[in-house]
Every structure is written in structure tokens, then in C-alpha cells.
Amino acid sequence: MIVLQILKSKGSSKVETIRPDAPLSEAAARLSARRIGALIVSRDGQTVDGVISERDIVRVLGTEGAACLDRPVEAVMTRKVSSCAPSDKAVSVLARMTEGRFRHMPVLEDGKLAGVISIGDVVKARIEEVERENAAMADMISGA
């Protein structure tokens, strides 16, 4: 299974982005409204400047309190972002996400944002793939 197949199975190719100068309060509201765990931080909607996640917001809230919600996203976002390509294998992406301890990865095609996958997306796709392989083996053994 490759990343492109995971993106196709998600249905929507729309990537939720937020500008680096937007306040954290806006990021928190959008994460909540869309029931997602991260936003791609981008000045132009096509390149990745960073990622802002629920974890990032909770960490700063825990140390600074509610006043931090007026700070710009770029003050809190994760700047060092690992990305993947549509042709990358799901198992290698899963390994990178697990090793790096992050849950969201932008998908770049020709240097432009093509999608976002979460560790949940990759795990779900991997489970479905294993189930299909298992069914095929069972059919082969039973002679079906």
C-alpha cells in the first residue's frame, strides 16, 4: 500500500491550513470545529511552514495559561516537519511517524501540499491490507 491509496480512501483531498500569523485561538477553534488533530501552517496554502497540533496548544496552555491564545501560531508550531510523497510505502511512513513520535504528516508532490495523513489513517489502511491478505490466503488454502 502506498500513501496515494490512503489519500484516495480518505475521500476529501482538502487540506486544512492556517496562516502563521493567525492567533492560537483560531487554530484551537478550527481544530475543534473540524474534529481534527492538526493544521498545516502555510502562508500560501501550498507550501509547509510548520504544523500546529492539539498537543502543541495544550503544552503552551499548560505553561502559560489562556493568555497564550492571543499568540501567533508560528510562535508555537512545530517547525521541523517530516513529509512524505504519494509514492511512499505506508509501512515506511508508519515507521517514521512512530519513531518521530508525531501523528500527522503532510504529503508533498513536486514540493506542493497534496494532502495530509494521520497515523490513524495509516494504521487503518495497514489493517485493511492485512485483512485482505489474510482472506486471500484463507481462500487459497480452502481452494476457493
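Is Arg-59 buried or exposed? At 54% relative accessibility, Arg-59 is exposed (over 50%; buried is under 20% and partly exposed lies in between, with a 1.4 Å probe and protein chains only). The legends below describe a predicted model, in which local features need pLDDT of at least 70 and side-chain atom pairs count only at pLDDT 80 or more, while totals for chains, interfaces and linings use all residues. Residues are numbered from 1 along each chain as its sequence is written, and side-chain values use heavy atoms, with hydrogens and water left out.

**View 1. Salt bridge between Arg-59 and Asp-56 in helix H3.** The two side chains meet at 3.9 Å, N to O. A salt bridge here is a side-chain nitrogen of Lys or Arg within 4 Å of a carboxyl oxygen of Asp or Glu. Both residues lie in H3, three residues apart, about one turn of the helix. Helices (H or I, at least four residues) and strands (E, at least two) are DSSP runs, numbered from the N terminus. Whereas Arg-59 is exposed, Asp-56 is buried, with a relative accessible area of 9%.

**View 2. Salt bridge between Glu-16 and Arg-34.** The N to O distance is 2.9 Å. This pair links distant parts of the chain, 18 residues apart: Glu-16 is in the loop between H1 and strand S1 (17–18), and Arg-34 is in helix H2 (residues 24–34). Glu-16 is buried at a relative accessible area of 17%, and Arg-34 is partly exposed at 40%. Both belong to a network of salt bridges that also takes in Lys-14, Glu-26 and Arg-30. Side chains of opposite charge can pair when their charged atoms come close.

**View 3. Salt bridge between Asp-88 and Arg-96.** The side chains meet at 3.9 Å, N to O. Asp-88 is partly exposed, at 23% relative accessibility. Arg-96 also counts as partly exposed, at 31%. The whole structure holds 14 salt bridges.

**View 4. The largest pocket.** Its volume is about 430 Å³. On a 1 Å grid over the protein atoms alone, a pocket is an open set of points where a 1.4 Å probe fits, with protein on both sides within 12 Å along at least five of seven lines; lining residues have an atom within 4 Å of a point. Grid points are joined across faces, edges and corners, and a volume is the space filled by probe spheres set on the points. Of the 22 lining residues, Lys-10, Lys-14, Ile-36, Ala-38 and Val-116 are the closest to the centre of the largest pocket. At least two lining residues come from each of helix H1 (3–10), strand S2 (38–41), strand S5 (112–118) and helix H5 (119–142). S5 gives the most, with four residues. By class, the lining has 10 nonpolar, seven polar and five charged residues; Ala, Val, Leu, Ile, Met, Phe, Trp, Tyr, Cys and Pro count as nonpolar, Asp, Glu, Lys and Arg as charged, and the others, Gly among them, as polar.

**View 5. The second largest pocket.** This pocket holds about 320 Å³ of space. It is lined by 15 residues, of which Thr-78, Arg-101, Phe-102, Arg-103 and His-104 are the closest to its centre. Strand S3 (50–53) and helix H3 (54–64) each supply at least two lining residues, and H3 gives the most, with three. The lining of the second largest pocket comprises four nonpolar, five polar and six charged residues.

**View 6. The hairpin of strands S4 and S5.** S4 (residues 104–109) and S5 run antiparallel and are joined by six bridges; two strands pair if DSSP finds at least two bridges between them. Glu-109 has Lys-112 as its bridge partner in S5. Two residues lie between the strands, and Asp-110 takes a positive phi near 55 degrees. S5 is mostly covered, with five of its seven residues buried.

**View 7. Strand S3 and its pairing with S2.** Four bridges join the two antiparallel strands, and Ser-53 in S3 is the bridge partner of Ala-38. Gly-50 and Ile-52 point one way from S3, Val-51 and Ser-53 point the other way, and all are buried. In a regular strand the side chains alternate between the two faces of the sheet.
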